[in-house]
Each structure stands twice: as structure tokens, then as C-alpha cells.
Amino acid sequence: MDAGLLNGARDLSIYTAYNTNVDAIVYLNGDIVQRLIDEFGAGAVRRRIDEYPREIDEPLDFVARLVHALKTGKPMAVPLVNEELHRWFDDHFDYDVERMGGQAGIIANLLASLDFKRVIVYTPHLARRQAELFVSRPNLLYPVVEDGKLTFKHPREAYRENDPIKVNRIFEFRAGTRFKLGNETITVPFSGRFIVSARFESIRIYTEEALKPFLPEIGEGVDGAILSGYQGIKLRYSDGKDANHYLRKAKEDVMLLKRRKDVKVHLEFASIQNRDLRKKVIYNLFPLVDSVGMDESEIAYVLNALGYPRLSERIFTYNRIEDSVLGGKIILDEMNLEILQIHTIYYLMYITSKDNPLSEEELRKSLEVGTTLAAARASLGEIRSPEDYRVGLNVPFNERGEYVKLRFEEAKRRTREYKVVIIPTRLVKKPVSTVGLGDTISAGAFTSYLALMRKKMAL
Ligand code: AMP
């Protein structure tokens, strides 16, 4: 395969919203940890570890959960609920790297770096520190309403000084790091990361009222929209608003985008721990969008929420391709999607109805764009230009995926009413980073799908 299909996709304009955040990374060493323990005292840290706080409300909660994670060497993420601790963290740590986090931010930077015609990114909170993480490309734009009119600026020119900011702090630790907790010497057993994820009331998923009336214009001007971040909605807020309120607004947004033209909308689904919220996101939004992307553990969660606990359990336990295909068909059918894309470590899959205009070969090519981009990102850490795609082309397709594909081909007779295609992933043995690979697959697959559709319709 060459870069032809990607080049076709680069001719498109894409809108993406909503979630962005700052990933601030600290590479921990023994001294940094020791200083933290000494500041609070080993006794207090020990007592707080025993209490095992589920959230970080004060600095000692953080130190206790961090030391616990280091002792076990297990990767963990703990929500930070007290917004005032921003200052404490920023005073205590020098971040080694700050990079773009959040699906909309990652996808916007990716597509802009690939030289797509126009990438419009919208995130409701755009503080300066957040804005600076967008790549500096002329094709990357943020919608701004000025004098009652819609205009576009680069996100770095559109920031608002007082906007809230979501910073996820990622503490990377290495096996062998040593420090003392009182008279106990701790040696970290495995390398991993401890994530302090910001969960603030002030961070919400919505389109500002001033911009909303312009969504039909935005939808008309793009070839597709990629929406994500609904996992950030909370069931309840202290001002009385709830998930239903924000989901109603989210539904309006999709309908407004489609008002003047039936622009194709892809929803990238991320795991939602709370079953009620998961169910609400699925029932409210899946029926309105055309395409959904998710990974295989998410497919099991979605099936559970749709009332298929046994199939969901089977996917969790045995991870068999036949079950994922069956589950995918149920989701496609019940939610009346045009296309469902599932990414797993060894293979990628599309499920669509038999009357989809694209051939199986074309659908496979579209998935290949997704895995090739992910392989390029895994190899390089980041995709900076269209030429980086070649790096992905040099990564071989994994062999386990080939085997899964064979097994799938044998079982295919049972899938007459649907088109199901599957390809092995190009798997990088020692990835520089695995952050954002799923988003990269989905962005590559959806945009190349749109490009193929456009070509087909023009024939
Ligand atoms: P997510 O968990 O949604 O970010 O998706 C991760 C996806 O990235 C997996 O399903 C794989 O398809 C892909 N992936 C993970 N690790 C690698 C790797 N080392 N090289 C290439 N692709 C990868």
C-alpha cells in the first residue's frame, strides 16, 4: 500500500470537539520522592496509606497514593477533586514535558500535522497553557464569534486568559528507584506511571451559547466531524445541572452540525466507569451519529449497558473474535449506525451493513490507513508531517492478527447481512509512546472512509 488513500483524505476539512487537556509529565527519581515524604513525615504518610484515599483532596492524599503505587509498581490513576491544589503541584514539581492530551486535542494536532485542508477544533475551555499545546499550523483553526459573525483563529490566538484548565499530571517511575519510608527502604519493583487526573466541576463538555447558532455553518463547511469527550460528563453538578442536561445539549450540537448538510459524524467512545452514565451516552448519542469507534473492552461495556450481560461477559473472559463480531453487529443494528470500527491490540475491524457503497477491499484499505498512522506514532512518539506515514508503512502487520483474520474468514459465512472486514495491526515492538494510538487509528480510519465515499459518490 502506498500513501495514496491518505493523500485523498488530506483533501478534507474536519471539525473536532470537545475534550482537550494538558498532560504534564514528571520523571520521578528517589530524591523527589524522598523530599515529599520528609515534608509530611513518614508516620503521617503511612497512616494515610492505610486510609487509602480514593480521591486527592489535599497534598497528603497524593503523597500516600503515590508511595503506595511506587511500592507495588502498579500503574494507577487517582482523580484530583480540589482545584486549589493546582498551585501546590506547580510549586512542587518541574514538569519535564507538557504535551497535548484529550482526544479532540490529539486528533486536531494529528490531522493538522498531516496537512489536512482545514481542521477546526473546538474545546469549551481554552486557557493559554492549553492553547500553546496546539501545533503551529495555518490549517488549524478555532471558531470565534466576533461582532455577531463567525470567524476562525489559530487556537494560540484565541485563548481566554481566565478559562479553567484541566491538567493531568503523569508521574513516570522506573524499576529500581529507591527511597526510605521511615526506617523501611523501598525499591520500586516495576516501571510504570501514576496519574493524577483532574476532575473538576468547572470542566464541562458543551458548546458555548454564542457559538451554537453557527454550528450549521460549521457543519456545512466541513467534510466530517469527530466528536469525543462525553466520558467527562458528570452525573450531577453542584449547581443543579446533571448529565441529562449536558446530553441534551450534546444532542442539539450533532443535529445543528447536520442541519444544512448531512455531514458525517464520528463519535469516539472512551470507557465510562459509571454504568448509568455509559448507558445515557450510548442511548442519547449513538442513534444520532453515523460512525462509532471503540476498543474491544469498550464493546463489552457497551453490550452490558444495552442489556447483553452474557455476551459482554464472554468477550471479557475469552476475547474471541466471533463474539466481538456478534457484539458489533448488535450495536450497529440496535443503534442504526452506518459503520462501527473496533480497534484491538492485534486487529482492527469494521462492521457495516451489506448495502454500504464501499467494497470490502476499500474498507480494508481504510483500516490500513488507521493502523499505519498508529504505527508511525508509536515509533516516533508524535506525527509531525505527512512524510512520517512512511515510518508506519515499514512496520510489519503482526502475525497473531493474521491468524485471527484466518479464523474470521472461516467463520464468515454467518455474516451475510453485514459487511465485516478485519485486518491485523502493524504492531511496534518497542513503542516510544502509546498515548493517543486509539484516537489516531480512529481519525485515520474515519477520514479515509470519508475520502473513499466521496470518490465513490463522484463516480
Ligand atoms: P486505545 O487503548 O483506545 O488508545 O487504543 C490502543 C490501540 O493502539 C490498540 O487497540 C492497538 O490497535 C494500537 N496499539 C497499541 N500498542 C501499539 C503498538 N505498540 N504499535 C502499534 N499500535 C499499537
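**Entry 1: the ligand**

I began with His343 and found one of its polar side-chain atoms 3.4 Å from an oxygen atom of the ligand. I keep in mind that this is a predicted model. Next I looked at backbone atoms: a backbone N or O atom of Val428 sits 2.9 Å from a nitrogen atom of the ligand. For Gly438, a backbone N or O atom is 3.1 Å from an oxygen atom of the ligand. How much of the ligand does the protein bury? Taken alone, the ligand exposes 500 Å², and the protein buries 79% of that.

Then I listed the neighbours. There are 13 residues around the ligand, and Thr344, Arg426, Val428, Leu437 and Gly438 come nearest. I sorted this shell by class and got 7 nonpolar, 4 polar and 2 charged residues. Which helix gives the most to the shell? I found that helix α18 (residues 437–458) does, with 3 residues.

**Entry 2: a covered helix and a covered strand**

After α6 comes Asp115, with a positive phi near 70°.

Strand β3 (residues 76–80) was my next stop. I saw that 4 of its 5 residues are buried, so β3 is largely enclosed by the rest of the structure. β3 pairs with strand β11 (residues 192–198) in the parallel sense, over 5 bridges. I picked out one of the partners: Leu80 is bridged to Ala198 in β11.

**Entry 3: salt bridges**

I reminded myself that side chains of opposite charge can pair when their charged atoms come close. How many salt bridges does the structure hold? I read off 33, and looked up some of them.

- I found Asp290 and Lys258 joined, with their closest N and O atoms 2.8 Å apart. Asp290 lies in the loop between α11 and β14, and Lys258 in the loop between α10 and β13, so the pair ties together parts that are 32 residues apart in sequence. Asp290 counts as buried at 11% relative accessibility, and so does Lys258 at 18%.
- I found Asp323 and Arg314 meeting at 3.1 Å, N to O. Asp323 is buried at 4% relative accessibility, whereas Arg314 is partly exposed at 32%.
- I found Glu201 and Arg204 meeting at 3.6 Å, N to O. Glu201 is partly exposed at 29%, while Arg204 is buried at 12%.

Notes: Residues numbered from 1 in each chain as written. Predicted model: local features only at pLDDT ≥ 70, side-chain atom pairs only at ≥ 80, totals over all residues. Heavy atoms only, no water. Near = heavy atom within 4 Å. Polar contact = N/O pair within 3.5 Å; in protein donor to acceptor, adjacent residues only side chain to side chain. Areas by Shrake-Rupley, 256 points an atom, 1.4 Å probe, with all protein chains shown as cover. Helix = DSSP H or I, 4+ residues; strand = E, 2+ residues; numbered from the N terminus. Nonpolar A, V, L, I, M, F, W, Y, C, P; charged D, E, K, R; others polar. Buried < 20%, exposed > 50% of the residue type's maximum accessible area, 1.4 Å probe, protein only. Pairing = 2+ DSSP bridges. Salt bridge = Lys/Arg side-chain N within 4 Å of Asp/Glu carboxyl O.
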